[in-house]
Amino acid sequence: MQYPEWIWHNGGIKPWAEATTHVMAHALHYGSSVFEGIRSYRTPDGPAIFRLSDHNRRLFASAKIHEIEIPYTLDQLNAACREVLHRNALGTAYLRPIAFRGLGGFGLSAETPVDVAVGAWNWGTYLGEGVLETGIDACVSSWQRFAPNTIPAGAKAGGNYLSGQLVAREARRLGFGEGIALASTGLLSEGAGENLFLVFDGALHTPPTSAALLDGITRHSLITLARADGIEVVERDLPREYLYLCDELFMCGTAAEITPIRSVDGRQVGAGKPGPVTRRLQALFFGLFDGSTPDRHGWLEPLSPP
Ligand code: PMP
């Protein structure tokens, strides 16, 4: 992989290769990090970072849940994200802010310094070239999501992604494009790193946040865009078998954007190709970046702040 030249680390920009940490850092041993995934897009008005502030607000929320004190303000982290894009001359990119317990103690509750970094790089379609048009074949994972009051699903924390890795790696090993996890209730939760939407009779159905899922910013954006477009959205408990019965199915997330699912567990979903509601949402979502969907909520945060 070709790495970018510059990265923001603990307060300033430095060469990518110099942003190192000690192998005895707390986060490496115990998963004690919180992070974000953000995308920037080229727009007719120049590059814009999609919901930058909302993503960094969620970073602070994840940090609060895990009592990780981030020694910067929201404005400073937003500025760091902008600076990384500027310095690397990136337009369409993926940004990764992370805060983690660093070197300074080995006990689980050790108060170590908190290290913070923001990297950015070009990252194409997460679930594979061309899948936004063709869709993927998914499977239900043999691994469940963590139960409520075990590991908080609402925090985007490094340790949570051991679960995501089990789900994603099992799916790839079995030849599927992505895995879907059930909650400890047995009801639908989410993909390894994506939220789920099912379409029945033109309406969107999505599992509620009580189903041990990350309350995705893409999920929220799509709910907002759909409702404004007159598409009904229902957040509710959904059993596994509805995956096989729905008219359309897709996954969404910052990395995966809007990825249609054409089959689950070897059973064709709907017509086995992206359906009209999925296509409409793709058009509304990507339209934000070519200007065909008006940005009614200030989601496009310019690279150079006003
Ligand atoms: N669920 C999980 C487990 C994720 O990792 C992600 C990606 N951050 C999502 C859902 C989608 O969230 P977002 O739309 O905020 O990227």
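A nonpolar core is a set of buried Ala, Val, Leu, Ile, Met, Phe, Trp, Tyr and Cys residues joined through C-beta atoms within 7 Å, where buried means that 20 or more other C-beta atoms lie within 10 Å of a residue's own, the C-beta atoms being placed from the backbone. The views below show a predicted model, in which local features need pLDDT of at least 70 and side-chain atom pairs count only at pLDDT 80 or more, while totals for chains, interfaces and linings use all residues. Residues are numbered from 1 along each chain as its sequence is written.

**View 1. The largest nonpolar core, with 44 residues.** Phe197, Leu249, Ile261 and Val264 have the most contacts inside this core, a contact being a pair of C-beta atoms, placed from the backbone, within 7 Å. Leaving aside residues up to four places away in sequence, Ile261 touches Gly135, Ile136, Ala138, Leu249, Phe250, Met251 and Val269. Another core, of 33 residues, lies apart from it and includes Ile38, Ile49, Ala99 and Ala157.

**View 2. Helix 3, residues 74-87.** Helices (H or I, at least four residues) and strands (E, at least two) are DSSP runs, numbered from the N terminus. Leu77, Asn78, Ala80, Cys81, Arg82, Val84 and Leu85 are buried in helix 3, and their cover includes strand 1 (6-9), strand 4 (38-43) and helix 2 (52-65). Alanine 89, with a positive phi near 50°, follows helix 3.

**View 3. The shell of 15 residues around the ligand.** Gly216, Ile217, Thr218, Gly253 and Thr254 come nearest to the ligand, and helix 6 (residues 217-228) gives the most to the shell, with three residues.

Conventions: A residue is buried if 20 or more other C-beta atoms lie within 10 Å of its own, exposed if 12 or fewer, and partly exposed in between; C-beta atoms are placed from the backbone. Two residues are in contact if their C-beta atoms, placed from the backbone, lie within 7 Å. A residue is near a molecule or strand if its C-beta atom, placed from the backbone, lies within 6 Å of it. The expected span of a helix is 1.5 Å times one less than its number of residues.
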